[in-house]
Amino acid sequence: MKEIQSMFMGSKNALLWMLARLSSWAITKHEMKLLVVAGRHGTKLTGELLADMLSPDLVIRRQLEMPFWEYSIPLAILGFEDRRYTPVEWSVIILRTVFRLLFRGKNPTWTILQINTYMYEILHYWVNVISPGILVLVHPDPEDQELELHLIRKTKKYVIAPVCMDFSPSFVQDGTVIYRYGNEDDADIRIVRFDDRENGTAIQIYGNLVKEKTNFFVFQRGLFIREPLVAAITVLFALSFSLEEISEKLRQIQIDLERFIFTAP
């Protein structure tokens with residue numbers, strides 16, 4: 001039995017190593033921009049909001065279902081369905097990926113990855129492989145932020161973090177910009193009013209990035225969307241979308257929020 005387990009683990013580690021190398025190759029070849037949403041919960045909704053708001057301005061590939069095993073992230077990067085595969089199917093995936101990378105042209109995309117930091121063992125390996133262009137942190141663990149801090153160190157352009165998260169600027173690469181959101185007065189973006197109405201939610205924001213109080217409206221309801229919304233709005237500001245563009249994108253969001261109420265990680 002131990003020999004069988006040892007063989008299984010050896011095959012699994014070899015597959016993980018191969019997928020990591022192929023993922024790195026794909027990211028480099030396609031100049032893939034990674035937008036990583038990480039935290040204890042609210043990551044799926046935040047990622048869905050960002051994918052909805054950034055399309056069609058950007059070509060978006062997404063992994064927004066909960067990564068239930070080690071292969072969810074590389075399958076998203078390589079463009080394959082996130083499901084279980086037989087050994088023969090894995091061989092086909094590897095061969096198809098090598099063929100694509102060798103013989104097909106560039107396909108620049110943005111890829112949104114969801115990382116639930118409570119799934120430590122599954123995700124620890126992959127935070128060493130990926131380097132986010134943009135990192136969005138929502139509901140970070142107040143007691144253990146090792147994965148979040150590791151991702152911050154590897155982020156190349158923007159870190160979007162709640163004001164309540166305390167980390168030193170020394171964690172950030174040179175040239176990487178930090179934007180803070182939250183309820184505190186020193187936040188770059190903060191929601192100063194959040195009114196639940198019959199047909200949606202009225203939002204008023206203010207902060208270092210918005211010098212005048214600005215009103216938005218979204219046809220979605222529920223207090224649980226507050227932090228994902230302000231995080232997504234901060235990302236759009238970081239990407240230089242105007243107030244008018246952000247307002248229009250918020251009004252056009254079409255997400256079925258019912259499926260997030262009890263199942264969102």
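## E227 and its contacts

Leaving aside neighbours within four places in sequence, E227 is in contact (heavy atoms within 4.5 Å) with V138, H139, P162 and Y181. E227 is found in helix 7. E227 and N183 are 44 residues apart in sequence, and their C-alpha atoms are 9.9 Å apart in space.

This is a predicted model, in which local features need pLDDT of at least 70, side-chain atom pairs count only at pLDDT 80 or more, and totals for chains, interfaces and linings use all residues. Residues are numbered from 1 along each chain as its sequence is written, and side-chain values use heavy atoms, with hydrogens and water left out.

## Helix 7

Helices (H or I, at least four residues) and strands (E, at least two) are DSSP runs, numbered from the N terminus. Helix 7 covers residues 226–238. Its 13 residues should span 18 Å at 1.5 Å a residue, and its end C-alpha atoms are 19 Å apart, which agrees. The expected span is 1.5 Å times one less than the number of residues.

Eleven of the 13 residues are buried, so helix 7 is largely enclosed by the rest of the structure. Buried means under 20% relative accessible area, exposed over 50%, and partly exposed in between (1.4 Å probe, protein chains only). The buried residues of helix 7 include P228, L229, I233 and F237. Just after helix 7, S240 takes a positive phi of about 70°.

## Salt bridges

A salt bridge is a side-chain nitrogen of Lys or Arg within 4 Å of a carboxyl oxygen of Asp or Glu. By this rule the count comes to eight salt bridges. One of them joins K106 and E31, with the closest N and O atoms 2.8 Å apart. K106 lies in the loop between helix 4 and strand 3, and E31 in the loop between helix 1 and strand 1, so the pair ties together parts that are 75 residues apart in sequence. K106 is exposed at 52% relative accessible area. E31 is partly exposed at 45%.

R83 pairs with E89, and their closest N and O atoms are 3.5 Å apart. R83 is partly exposed at 31%, and E89 is partly exposed at 28%. E81, R83 and E89 are linked in a network of salt bridges. R190 and D185 also meet in a salt bridge, at 3.6 Å from N to O. R190 is buried at 15% relative accessibility, whereas D185 is exposed at 65%.

## Nonpolar surface patch

W25, F99, L102 and F103 form a nonpolar patch on the surface. Together they have about 450 Å² of accessible area. Patches take residues with over 30% relative accessible area and no salt bridge; like charges are joined within 9 Å, and nonpolar side chains (Val, Leu, Ile, Met, Phe, Trp, Tyr) within 5 Å. Areas come from the Shrake-Rupley method with a 1.4 Å probe; for residues, only the protein chains shown count as cover.

Helix 4 (residues 87–103) gives the most to this patch, with three residues. F99 is found in helix 4. At 45% relative accessibility, F99 counts as partly exposed.

## Whole chain and confidence

The protein chain has nine helices and nine strands. Buried residues make up 52% of its 265 residues.

The average pLDDT (the predictor's confidence in each residue, from 0 to 100) is 84, and 87% of the residues score at least 70. Over residues 1–9 the pLDDT is below 50, and this stretch has zero contacts in the model beyond near neighbours in sequence. Where pLDDT is low, the predicted coordinates should not be read in detail.
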